[in-house]
Amino acid sequence: MARRIRFNAFDMNCVAHQSPGLWRHPDDRSHRYKELSYWTELARLLERGRFDGIFIADVLGTYDVYGGNDIAALRQGAQIPVADPLLLVTAMAAATTHLGFGITTGTGFEHPYPFARRLSTLDHLTGGRIGWNVVTGYLPSAARNFGAADQLDHDERYNQADEYLEVLYKLWEGSWEDDAVVRDAAQGIYVDPAKVHHIGHSGTHYTVPGIHLSEPSPQRTPVIYQAGASPRGTRFAAENAEAIFVGAPSKRVLAQTVTRIRDALEAAGRGRYDARIYTLATIVTDATDEAATRKHEEYLSYASTEGALVFMSGWMGIDLSRYDLDDPIGDVRSNAIQSAVAAFQEFDDDGREWTVRDIARWGGIGGLGPVFVGSGATVADTLQEWVDETDVDGFNLAYAITPGSFEDVVRHVVPVLTERGAYPAEYTPGTLRNALFGAGDRLPDNHRGARYRIGGPGSTVLPDSVSRPGSAIPAS
């Protein structure tokens, strides 16, 4: 029996997301990112293709590592201008029935208390189809625009994020009991105060004494997404994430990454498959291999070397403008995405070190992930090989052009995988969490967040505790 392959669409509320320069292609429609109809049309397309969801990235700063300024980023439209991802969700949810929505926001730039209400609101309005991609940040420009000289150290950002999640779990899981809203018209009681609890949180970074402002949403805690692949990021993901996004340039590197994540899940007291792992990829496909190859060559003619180096500089924390295109990247340690550097250094089995030109060529289409080129059958073969040989669950699909790349996948690849029994013929109904795991709407008992649940595993909060300032919620 063929193993199921999962698709997630990777997009951003901007023009040049992962393929800089391709906005110049005559068939690209990314300039419509400002139009709500672009997003609702895309959502319907992805639902026709039975994608698990659309994952919308975000940044709160510019890519200004390259050249020490943001001039090249602006010139290339490299994720600038960029608009808010959260405001897209309700329209896309209204246009669809099953598609999930993974929204990116950073833990360093908004207090968890209002953010908890924002996500609960979206979970209510989407019928439980919301997920949150937890990012700790990597662009120094974002930190400066929020009043800091630079970001916190890489690992310290995750320490802060740990407490951020603790506050959210307390609000989402431990503040309101399921039956707190009674709507008793006869007695004039809408909410039973005894069933709403102050969380009494006082920590290193946050003090939140009160109650959650929202009643329990379908999932309570949205599905947690995470994309950090450094050792500290992997530990954070293993404790919190239910969907993990990775990027790897080869099957060998991906297999190592997947094994490391699944080992970390077990170390965190969870099952090896308690998180879905998606790897970044871009598909260029057509009716035949020859047509797909021609399409790929055409796309490459629009790719921007400067734009690719702008992105790579930001992701790797290295100003690549200082190097000649034929210089090796060297043994680099940075305060940005450490896994990006490691992936390139491990790419070749013979240990060949990549040059700056190699990085630019690789990043011209699809960013840090590979590009799969071929007919629907050829691409399906490749995807099944990657799943079988790496144990990955699915693919986070970036685009070369939009919506054309997604249209091609739905037209050429999805039918082949479906016929082979490797892709679902229909959606699993219900919330995003249930669609991903088929085990209900709420966090499983072995998840970190479950111990903040009223009466849950390890909780010190009992259902008959009274609501008052300082009422206890379990410490982490």
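Biologist: How many cavities of 30 Å³ or more does the structure hold?

Modeller: This is a predicted model, in which local features need pLDDT of at least 70, side-chain atom pairs count only at pLDDT 80 or more, and totals for chains, interfaces and linings use all residues. Residues are numbered from 1 along each chain as its sequence is written, and side-chain values use heavy atoms, with hydrogens and water left out. On a 1 Å grid over the protein atoms alone, a cavity is a set of points where a 1.4 Å probe fits but cannot get out, while a pocket is an open set with protein on both sides within 12 Å along at least five of seven lines; lining residues have an atom within 4 Å of a point. The number of cavities of 30 Å³ or more is four.

Biologist: Which helix gives the largest share of the lining of the largest cavity?

Modeller: Grid points are joined across faces, edges and corners, and a volume is the space filled by probe spheres set on the points; the largest cavity comes to about 60 Å³. Its lining includes Arg 6, Asp 52, Ala 435 and Leu 436. Helices (H or I, at least four residues) and strands (E, at least two) are DSSP runs, numbered from the N terminus. The largest share, three residues, comes from helix α15.

Biologist: Is Arg 6 buried or exposed?

Modeller: Arg 6 is found in strand β1, and its side chain makes a polar contact with that of Asp 52 at 2.8 Å. A polar contact is a pair of N or O atoms within 3.5 Å; within protein, one must be able to donate a hydrogen and the other to accept it, and residues adjacent in sequence count only if both atoms are side-chain atoms. Buried means under 20% relative accessible area, exposed over 50%, partly exposed in between (1.4 Å probe, protein chains only). Arg 6 has 6% relative accessibility, so the answer is buried.

Biologist: Which strand gives the most to the lining of the second largest pocket?

Modeller: About 300 Å³ of space lies in this pocket. It is lined by 19 residues, with Asp 58, Leu 60, Asp 84, Pro 85 and Thr 105 nearest its centre. The elements that give two or more residues to this lining are β3 and α4. With three residues, the one that gives the most is β3.

Biologist: At which residue does α14 bend?

Modeller: Helix α14 has 16 residues and reaches 23 Å from its first C-alpha to its last, close to the 22 Å expected at 1.5 Å a residue; that expected span is 1.5 Å times one less than the number of residues. A bend is the angle between axes fitted to the seven residues ending at a residue and the seven starting there. In α14 a proline, Pro 415, follows the bend within four residues, and the bend of about 40° is at Val 413.

Biologist: Why is α7 described as largely enclosed by the rest of the structure?

Modeller: Pro 231 of helix α7 is exposed, at 69% relative accessibility. The buried residues of α7 include Arg 232, Phe 236 and Asn 240. The helix is largely enclosed because, of its 10 residues, the number buried is seven.
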